[in-house]
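Please work through each task before reading its solution.

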Amino acid sequence: MKVKIFPSLIVIIFLIIFFIFYKGLQNSNIYIPQSDFEKDIPNFKVKIFNTSKKINSEEIFKNDKFYLMNIWASWCVPCRDEHPFLMNLSNQKNIEIIGLNYKDDIEKAKIFLNQFGNPFKEIFLDTDGTIAIEWGAYGVPETFLIYDKKIIKKIIGPLNENLLLEIKKLIK
């Protein structure tokens, strides 16, 4: 009798485990962050790149003006890829590009800007990554289009030709 119960018990346990895994596979756990939304910009105090001065975010962003907040680092390979697109946008008169240098060495960031050009009107330092977290960033590069002190578009990953055209359409 014991000989017949043991294999039956193993089969039942196997079927229960199979059923649990099968149900788990049916539920999609893929998270796609929302990129089109209006959200107030976070309040923060940040150190200005290449100085010892700090500035409050309320002094940076003005109403009725477009800003592009780009989170970047010199060690970030996709940041190098998107840099020509930022340089292109820096020629637009109706938008200001703000850079947030993320967990970077200041000297390497200076070399990066000297080598590729500086598209930023202002650059701020985020040495420990807390400001990027307040913005809801997942990593670098990330870009936020801001108007009237509200984030109107969030771009995860490097800018490309299509995103550049989309931004130019939005800021017209």
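**Exercise 1.** How closely do the axes of α3 and helix α6 (residues 161–170) come, and at roughly what angle do they cross?

*Solution.* The model is predicted: local features need pLDDT of at least 70, side-chain atom pairs count only at pLDDT 80 or more, and totals for chains, interfaces and linings use all residues. Residues are numbered from 1 along each chain as its sequence is written, and side-chain values use heavy atoms, with hydrogens and water left out.

Step 1. Helices (H or I, at least four residues) and strands (E, at least two) are DSSP runs, numbered from the N terminus. Axes are lines fitted to C-alpha atoms, for helices over the stretch in contact, and angles run from 0 to 180 degrees between N-to-C directions.

Step 2. The axes of α3 and α6 come within 10 Å and cross at roughly 20°.

Step 3. Phe 85, Asn 88 and Leu 89 of α3 meet Glu 161, Leu 164, Ile 167 and Lys 168 of α6, where contact means heavy atoms within 4.5 Å.

**Exercise 2.** At what angle do helix α3 (residues 77–89) and helix α4 (residues 106–116) cross?

*Solution.* Step 1. Their axes come within 11 Å and cross at roughly 50°, so α3 is oblique to α4.

Step 1. On the α3 side, Cys 79, Arg 80, His 83 and Met 87 take part; they meet Phe 112, Leu 113, Gln 115 and Phe 116 of α4.

**Exercise 3.** Which residues have the most contacts inside the largest nonpolar core?

*Solution.* Step 1. A nonpolar core is a set of buried Ala, Val, Leu, Ile, Met, Phe, Trp, Tyr and Cys residues joined through side-chain atoms within 4.5 Å. Buried means under 20% relative accessible area, exposed over 50%, partly exposed in between (1.4 Å probe, protein chains only).

Step 1. The largest such core has 47 residues, and those with the most contacts inside it are Phe 61, Leu 68, Met 69, Trp 135, Ile 146 and Ile 167. Strand β4 (residues 66–72) supplies the largest share, 6 residues.

Step 2. Beyond its neighbours within four places in sequence, Ile 167 contacts Leu 68, Leu 89, Ile 95, Leu 145, Ile 155 and Leu 159.

**Exercise 4.** Is Ser 57 buried or exposed?

*Solution.* Step 1. Ser 57 lies in helix α2 (residues 57–60). Its relative accessibility is 1%, so Ser 57 counts as buried.

Step 1. Not counting residues up to four places away in sequence, Ser 57 touches Pro 42, Asn 43 and Phe 44.

How values were computed. Parallel < 35°, antiparallel > 145°, perpendicular 65-115°, else oblique.
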